[in-house]
Amino acid sequence: MKTCLIVDDSAVIRKVARRIFETMNFQVGEAEDGEKALTACGETMPDAILLDWNMPTMDGYDFLRALRKTPGGEKPKVLFCTTENDVGAIARALHAGADEYIMKPFDRDIVTAKLAQVGFLAEADAA
Amino acid sequence: MTDIEFDFLRSYLKTRSGLALSAEKRYLVESRLGPVCRRFNLADLGALATALKSGRDTAMERAVVEAMTTNETFFFRDRVPFDLFRDVLLPEAMARRASQRRLRIWCAAASTGQEPYSLAMMLNDAAPRLAGWSVDLVATDLSTEVLEKAKAGLYSHFEVQRGLPVQALIKHFEQVGEQWRISAPLRQMVDYRPLNLLHPFDALGSFDIIYCRNVLIYFDAPTKGDVLGRLSASLAPDGALLLGAAETVIGLTDRLVPSPQHRGLYNQAGGAAARAPAARPLPAAPILPAAGIPPLRRVVGL
């Protein structure tokens with residue numbers, strides 16, 4: 001089964017995102033900040049990471065830079081999911097190694113489309 | 001709404017836009033035309049039917065037809081028809097037109113512009129190979145309202161996130177407040193014009209590639225056959241026609257056949273697509289505009 005880590009300090013967002021990923025046959029883990037996410041990735045590297053930007057302790061940007069330097073940390077597809085919606089922020093995120101970028105507010109269609117963009121096609125779920 | 005009024009509206013829409021509504025689509029007529037009634041200060045759909053019968057208000061006629069069109073679309077919708085354009089149709093058409101260095105592409109149900117702009121982005125990516133070429137990218141739709149939006153090229157946060165890779169967003173769009181506007185060079189590549197597919201469109205000339213996706217599904221079989229026959233007449237002998245996933249030519253026209261390799265792709269029956277590219281003289285695309293139709297804009301040397 002495909003695995004996904006949802007990293008967001010909002011429990012509400014984590015819950016909404018979890019539902020979307022679970023219907024796409026992902027096994028979902030959660031982390032409420034970058035530091036906890038990094039620990040989780042150290043244990044098991046997920047296939048995909050949905051990543052908020054602004055979080056206490058370690059933000060999404062610092063997490064991503066640290067992740068990409070970790071052994072095996074180049075593997076997960078990272079989708080930023082944030083209210084940071086200006087071009088500069090998007091460019092920084094991509095430069096730091098993000099695969100896709102979701103601007104909040106988001107809905108199921110957007111998440112599905114973005115996952116397809118990074119290679120998780122809906123058809124593959126049946127397998 | 002009485003049955004008589006509903007039947008009148010059905011036949012009215014069938015004549016004006018080809019929209020074939022079954023008896024179960026009563027709810028759709030009620031939900032879409034209710035706002036039109038309010039806009040024109042009419043009490044109900046019965047009053048609207050009466051007003052349409054008098055046939056004096058062209059603004060009202062247009063509002064009724066446009067309110068019943070479905071304009072849902074997104075960038076790179078269904079993906080496969082666009083991968084096909086980038087990987088197969090464009091390279092093959094460029095090989096066949098290497099001496100003329102001219103390509104003509106038509107989006108026949110352009111809606112709010114996502115389909116033609118998706119093609120424009122891919123043409124832009126191919127720009128180094130298209131240096132010195134002249135490319136026409138014509139985009140038509142029945143609804144002038146959606147064409148205005150298409151021309152403006154301004155999309156919501158939700159619209160730019162469905163189907164559009166973020167790299168393409170960064171590359172081709174600028175942020176305008178809460179919205180995103182596609183870049184001026186891409187906007188200028190697309191020649192938008194209102195067109196009802198029920199009316200003659202031969203004045204647009206002959207095309208190498210036609211995208212006519214998700215519009216035939218709203219027509220009845222004779223109308224589908226008629227439109228497909230005329231699309232075939234507007235398609236080069238070696239041209240490519242792309243239809244929506246739920247659409248086909250089978251049983252509707254003998255002039256087009258499905259491609260054996262690619263789903264959603266259709267070629268001229270007994271046409272030149274399968275033959276050797278160099279073996280056949282190329283038809284001159286008519287470029288002289290018919291009376292009353294402004295000349296098509298051409299993008300030269302991308």
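Predicted model: local features only at pLDDT ≥ 70, side-chain atom pairs only at ≥ 80, totals over all residues.
Now a look at chain B by itself. Its secondary structure comprises 10 helices and 11 strands. The chain has 302 residues, and 50% of them count as buried. If you take the contacts in chain B with a separation of 6 or more, 73% come from residues 24 or more positions apart.

Next, the partner. How many residues of chain B are in contact with chain A? There are 15 on the chain B side, and they touch 21 residues of chain A. Between them, the two chains bury about 1,500 Å², with carbon and sulfur atoms giving 58% of that. Three residues to look for on your screens are B:Gln161, B:Val166 and B:Ile170: they supply 36% of the area that chain B buries against chain A, more than any other three residues.

Chain B and chain A share 2 salt bridges. One forms between B:Arg162 and A:Asp109, where the closest N and O atoms are 3.8 Å apart. Across the interface there are also 9 residue pairs in polar contact.

Which helix gives the most to the side of chain B that touches chain A? That is helix H8, residues 166-172 of chain B, with 4 residues. As for the make-up of that side of chain B, 8 residues are nonpolar, 5 are polar and 2 are charged.

Key:
Residues numbered from 1 in each chain as written. Chains lettered and ligands numbered in written order. Heavy atoms only, no water. Contact = heavy atoms within 4.5 Å. Buried area = accessible area lost by both parts, 1.4 Å probe. Salt bridge = Lys/Arg side-chain N within 4 Å of Asp/Glu carboxyl O. Polar contact = N/O pair within 3.5 Å; in protein donor to acceptor, adjacent residues only side chain to side chain. Helix = DSSP H or I, 4+ residues; strand = E, 2+ residues; numbered from the N terminus. Nonpolar A, V, L, I, M, F, W, Y, C, P; charged D, E, K, R; others polar. Buried < 20%, exposed > 50% of the residue type's maximum accessible area, 1.4 Å probe, protein only.
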